[in-house]
Amino acid sequence: MRDVKRFPTTTGLSWLEMSSFKEHLFKGHEKIGKEYDYVIVGGGYGGYGCASRLAELQPEARIAVFEAIKIGNGDSGKNAGFIIDVPHNFGDQGNSTFEDNEMYYKLNTFIIGRMRKTIEDSGIKVDWDPCGKYLCCSETKSFKLIETESEELDQMKVHYEIYEGEELAKRIGTRYYKKALYTPGTLLVNPADVLRGLYTTLPENVDVFEECPVMRIEEGTRARVTLLNGKEITAKTVIVTGGPFIEEFGIVKRVFCPVLSYGAFTRQLNDKEMKYFEGVKPWGCTAGHPAGTTVRFTTDNRLYVRNGFSYATHLTTSHQRIRRAVPKLRRAFENR
């Protein structure tokens, strides 16, 4: 396989800035072993899931996770922080069947249950709020999506509630949205906080290394992994969970279409500003339009908006693109 030319970067800020695990220290690079049974490349939720399950199935195996940047500072820590139980916007997917939707729901609720058990059993404190989510529409032409999704949920026998008008405004603190479908099974989280917290729960047979990019993977009886810092290790099996960066290793080609979206937080609202949200609990909404704006009112009294899409030409973004996104995010915030 070829040498990696492009690595994840840390352009822009993430939820990591607000994580209680921000300063947690994983293993130092001087403790990298020469041999492992399993090497996992990528320290996101996929990497965590692999490491957790492998350690459970093979407690005697030596497992290493390598993340190119700080865990929680990549895509896993820069999304809007929804862990959704129901198939997301399944009424608009076109080719999905009832069986597909039911399987997604079973898989999602299984994963949520597994994560919840890990958090409870370990006693870690993470920003994890089981408050559900709203699918919100600001235009009547989008109401059809709510109708379609409610029909699908009825078929799946999944509970939901519909709010509109003043009743909706009272729950979320804005009259921008006209109608919403509420599903109670979604978790709203600080995704970087939950991710770093979960990595701290991995057992002793898992070594976690961050800010330690992998430069090359070579196949053989035992795979050879070369790190950017020059160290070489061997492994029985290598699992790459790096999203579109998988293509950088030459493993696959033209299977990803990476896109960028942009989000912004307010500072924490002060007591005077919080009077406008009196009685409003933390909430999050996805838009009735597939490319619409995601909004959250967080547990630490911030407002968050996310919108806009662009093609991730170099698998990352630039300071120029971030600057161009700022006025759009400001307009979305002010409209609401």
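Trainee: Phe26 and Tyr199: buried or exposed?
Mentor: Buried means under 20% relative accessible area, exposed means over 50%, and partly exposed lies in between, with a 1.4 Å probe and protein chains only. By that cut-off, both Phe26 and Tyr199 are buried.

Trainee: Before we go on, which atoms do the side-chain values use?
Mentor: This is a predicted model: local features need pLDDT of at least 70, side-chain atom pairs count only at pLDDT 80 or more, and totals for chains, interfaces and linings use all residues.

Trainee: How many aromatic pairs does a search of the whole structure find?
Mentor: Rings of Phe, Tyr and Trp (its six-membered ring) pair if their centres lie within 6.5 Å; planes under 30 degrees apart count as stacked, over 60 as edge-to-face and the rest as tilted. With that rule, the search of the whole structure gives 11.

Trainee: What is the angle between the planes of Phe26 and Tyr199?
Mentor: Those two rings sit 6.4 Å apart, centre to centre. The pair is edge-to-face, with the planes at 85°.

Trainee: How many residues apart are Phe26 and Tyr199?
Mentor: Helices (H or I, at least four residues) and strands (E, at least two) are DSSP runs, numbered from the N terminus. Phe26 is in the segment before β1, while Tyr199 belongs to helix α5 (residues 191-199). The pair therefore links distant parts of the chain, and the separation is 173 residues.

Trainee: Why do Tyr134 and Tyr182 count as tilted?
Mentor: The centres of the two rings are 4.9 Å apart. The pair is tilted because the planes are at 45°.

Trainee: Which strands hold Tyr134 and Tyr182?
Mentor: Both tyrosines, Tyr134 and Tyr182, are buried. They're 48 residues apart in sequence, so the pair ties together separate parts, namely strands β5 (residues 133-137) for Tyr134 and β7 (residues 179-183) for Tyr182.

Trainee: How far from the ring centre of Tyr163 is Arg171?
Mentor: A charge sits over a ring if NZ of Lys or CZ of Arg is within 6 Å of the ring centre and within 35 degrees of the ring normal. Arg171 lies over the face of Tyr182, at 5.5 Å from the ring centre. Arg171 also lies over the face of Tyr163, where the value is 4.1 Å.

Trainee: What span does helix α2 (residues 98-122) reach?
Mentor: The expected span of a helix is 1.5 Å times one less than its number of residues. α2 has 25 residues, and its span from first C-alpha to last is close to the expected one. That value is 36 Å.

Trainee: Which elements do the buried residues of α2 pack against?
Mentor: The buried residues of α2 are Asn101, Asn108, Ile112, Met115 and Ile119. Contact means heavy atoms within 4.5 Å. The partners are α1, β3 (82-83), β4 (128-129), α3 (143-156), β8 (187-189) and α5.

Trainee: Which residue follows α3?
Mentor: At 1.5 Å a residue, the 14 residues of α3 should span 20 Å, which agrees with its end C-alpha atoms being 20 Å apart. After the helix comes a residue with a positive phi, near 60°: Lys157.

Trainee: What is the relative accessible area of Ala192?
Mentor: Ala192 sits in helix α5. Leaving aside residues up to four places away in sequence, Ala192 touches Trp15, Leu16, Ser19, Gly72, Ser76 and Gly77. Ala192 is buried, with a value of 0%.

Trainee: Which strands stand at the edges of the open sheet of 6 strands?
Mentor: Two strands pair if DSSP finds at least two bridges between them. The order is β9-β2-β1-β12-β11-β10, with mixed pairing. The edge strands each have a single partner, so one side of each is left without a neighbour in the sheet: β9 (206-209) and β10 (214-218).

Trainee: Which residue in β11 stands opposite Arg216?
Mentor: β10 and β11 (residues 223-227) pair in the antiparallel sense over 4 bridges, and a hairpin of 4 residues joins them. Glu218 has Arg224 as its bridge partner. Arg216 faces Thr226.

Note on methods
Residues are numbered from 1 along each chain as its sequence is written. Side-chain values use heavy atoms; hydrogens and water are left out.
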